[in-house]
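User: I'd like to learn how to read a model like this one, feature by feature. Could you walk me through it?

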Amino acid sequence: MEKYRDYTAVDFLNDESFLRWLTNPTQTEDDFWNEFLKSYPYKKAEIREATHVFNIFHSHEEKMGMNETYEIWSRIQKEAKTSKRWKLLKFVKYAAILVLVFFSGSVTYYMYQRTEKQYQFQLAGTPQISKDEAMIVLSDGSQVSLEKQMSQISYSKNGRQLIVNNDTINQKSGTEKEMINKVIIPYGKKSMIVLSDGTRVWLNAGSQLIYPSVFTNKTRQVMLVGEAFFDVTKNPGRPFIVRTTDVSVHVLGTRFDISAYPEDKLVQTVLEKGKVNLNYAGNGILNRDYVVEMVPNQMVILNKSTGEAKSQMVDVSKYVSWKEGMLEFEKVDLIRALKQVERFYNVKIYLADPLIGSYKLSGKLDLKDEPEKVLNVIKLTVPIDWKKKSNGDFILIKK
Amino acid sequence: MYSVENKDERLIWIRFLKGDNEVLSLIYLQHSNSLFDYGCRFTSDRDLVKDCIQEVFCTLIRTRDHLTETDNIRLYLLKSLKRKIVRELNNAGRQPKLISDEEYPFDLRWAENLDAQLDEHDEEKRLQVAKAMQSLTDRQKEAIYLRFNRGLEYEEISFILNLNYQSSRALIHRAIEKLREIIHVPEKKINQILFSILCGERESVF
């Protein structure tokens, strides 16, 4: 920080760290420069000057709409697939000349399988969950806000018409490309969506679901950020795939819950009925993908940082009761339970002592009550007390 | 080549090179908007820019085996997009005359920006800055854009402009000489700042 003491506006503008702070700041830069301004208040004028000049040069940016962003992305995927196949054809031609016909056949099949899998990327990388507004974003980029605490959305078979909380909306028909829709549910709200194939999805607070209004591909694919319970309509010819950043679940027809919040360290999948394949990327030297074939009442928890998966048999109802407005726990870490309460009510709960978080919690919480009442119920089972701050945040203290 | 990217970005890049396609969507989302803006400076044809962005990522997948961990992903994408757009502009005959590698248009779009930055009574200053800006060549404009909109370092700018470090400094230096002739108001601090930024010089001019 010392070296900036005698910097002029020009020097600042020539400094990479300063420029990054103005163009594309990270937390580190933000902290550093705010700290610098505090320590050297007499540099304020120079910095203001530098910022002013910067602003003259820094011109207005042209942006793509969300649908344009998705459109290009789906074109990249498609192109990637076809080019790979074309290369493959060439390869097969040579292979056929050199090797026995049946042998090359098996190679083709193997390669084809690989291509299919390799180029199904997902576009759920950046969750932008707005603080308070629930909405559905249609393929043309238009947004329809969902005002209710619990919104209902349902699609007609051809995907062109959807009913949102009893209002009917017609989507402009894009004949060739899939119409990508997105539902964003902030903390404190929930939603139930009936997709065009009849699959029902309960979307929990603080979650997003990206899906085509009608499924035109060989597989039915949706992308999830956050938590959702799926009741998938059976269609053996068209597997249903739920993708999250860390796992993907392949199903034919079944009921299951996935919790994959970006801020959580764990991704949790619970199967209620039917059969699913849970896929996740391995972290080892071989870097191969793992597949777990799950059976009813099985829960698989994947640790995102270590890549380790743990499996156990559970009482499913405890993990899916949130869609009925209940939370049920059995020897769950208090910190994990509180996270769910936070999301449901869109409140912040802090722990005065981090050790409180490891208390085990068992029991039922009725989320129809106020958060204060819920905390009072928790108080009965673990030795804590709570206070409410003036800004509405809660603090838990050890008793 | 350069080390301006943060650690996460590097990890994502390494994962992509190792064959992990899932992270390509992250790379795409992270860079698509800045690529689009950069592309729109060369042409007003948004669809052309979008097609070229698509091409850039398809090429990225195809040529993955030739890339290395030390490649600067942002630079790679910017340069690759520019190459494709310039080629398209040449091929499609959208441009009346053939444009060489050095002579493609670049729009800094500073005018609308200036209006917001200067007060109404700063008419004199506005005219001076406007005049100075107009006298810049397209390459100088591009250098300024890469510096202040994309936040690139001088070394990175010279990479994109296909110049060695000295030539790119010289290019920018010539811009300043030109500006000096037009704006000659030594007491105006803002102009001095403008010069020295373009020079990339550390010493104070006050």
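**Reading the model**

Analyst: Let's start with a hairpin: β4(A) and β5(A) form one with two residues between them, and Asn165(A) in the turn has a positive phi of about 45 degrees. Helices (H or I, at least four residues) and strands (E, at least two) are DSSP runs, numbered from the N terminus. This is a predicted model, where local features need pLDDT of at least 70, side-chain atom pairs count only at pLDDT 80 or more, and totals for chains, interfaces and linings use all residues. Residues are numbered from 1 along each chain as its sequence is written, chains are lettered from A and ligands numbered from 1 in the order in which they are written, and side-chain values use heavy atoms, with hydrogens and water left out.

User: How many bridges join strand β4 of chain A to strand β5 of chain A?

Analyst: Two strands pair if DSSP finds at least two bridges between them. Here, four bridges join β4 (residues 161-164) of chain A to β5 (residues 167-170) of chain A, and the strands run antiparallel. Gln161(A), for instance, has Asn170(A) in β5(A) as its bridge partner.

User: Where in chain A is the confidence lowest, and where is it highest?

Analyst: Look at pLDDT, the predictor's confidence in each residue, from 0 to 100. Where it is low, the predicted coordinates should not be read in detail. In chain A the lowest mean, 42, belongs to helix α6 (residues 101-118), and the highest, 92, to strand β8 (residues 200-203). Over residues 100-130 of chain A the pLDDT is below 50, and this stretch has 65 contacts in the model beyond near neighbours in sequence; contact means heavy atoms within 4.5 Å. Chain A averages a pLDDT of 78, with 81% of the residues scoring at least 70.

User: What about salt bridges: how many are there over all chains?

Analyst: The general idea is that side chains of opposite charge can pair when their charged atoms come close. The rule used is a side-chain nitrogen of Lys or Arg within 4 Å of a carboxyl oxygen of Asp or Glu. That gives 25 salt bridges over all chains. One of them joins Glu272(A) and Arg255(A), at 2.9 Å from N to O. This pair links distant parts of the chain, 17 residues apart: Glu272(A) sits in strand β14 (residues 266-273) of chain A, and Arg255(A) in strand β13 (residues 255-260) of chain A.

User: Now for chain B. How many helices and strands does chain B have?

Analyst: Chain B has 10 helices and zero strands. Of its 206 residues, 56% are buried. Among contacts in chain B between residues at least 6 apart in sequence, 65% join residues at least 24 apart.

User: Why is helix α7 of chain B said to be largely enclosed?

Analyst: In α7 (residues 138-148) of chain B, 10 of the 11 residues are buried, so the rest of the structure largely encloses the helix. Among those buried residues are Ile144(B), Tyr145(B) and Leu146(B). Tyr145(B) also turns up as a contact of Ser34(B), which touches Arg150(B) too, not counting residues up to four places away in sequence. Ser34(B) belongs to helix α2 (residues 24-40) of chain B and is buried, with a relative accessible area of 19%.

Methods. Buried means under 20% relative accessible area, exposed over 50%, partly exposed in between (1.4 Å probe, protein chains only).
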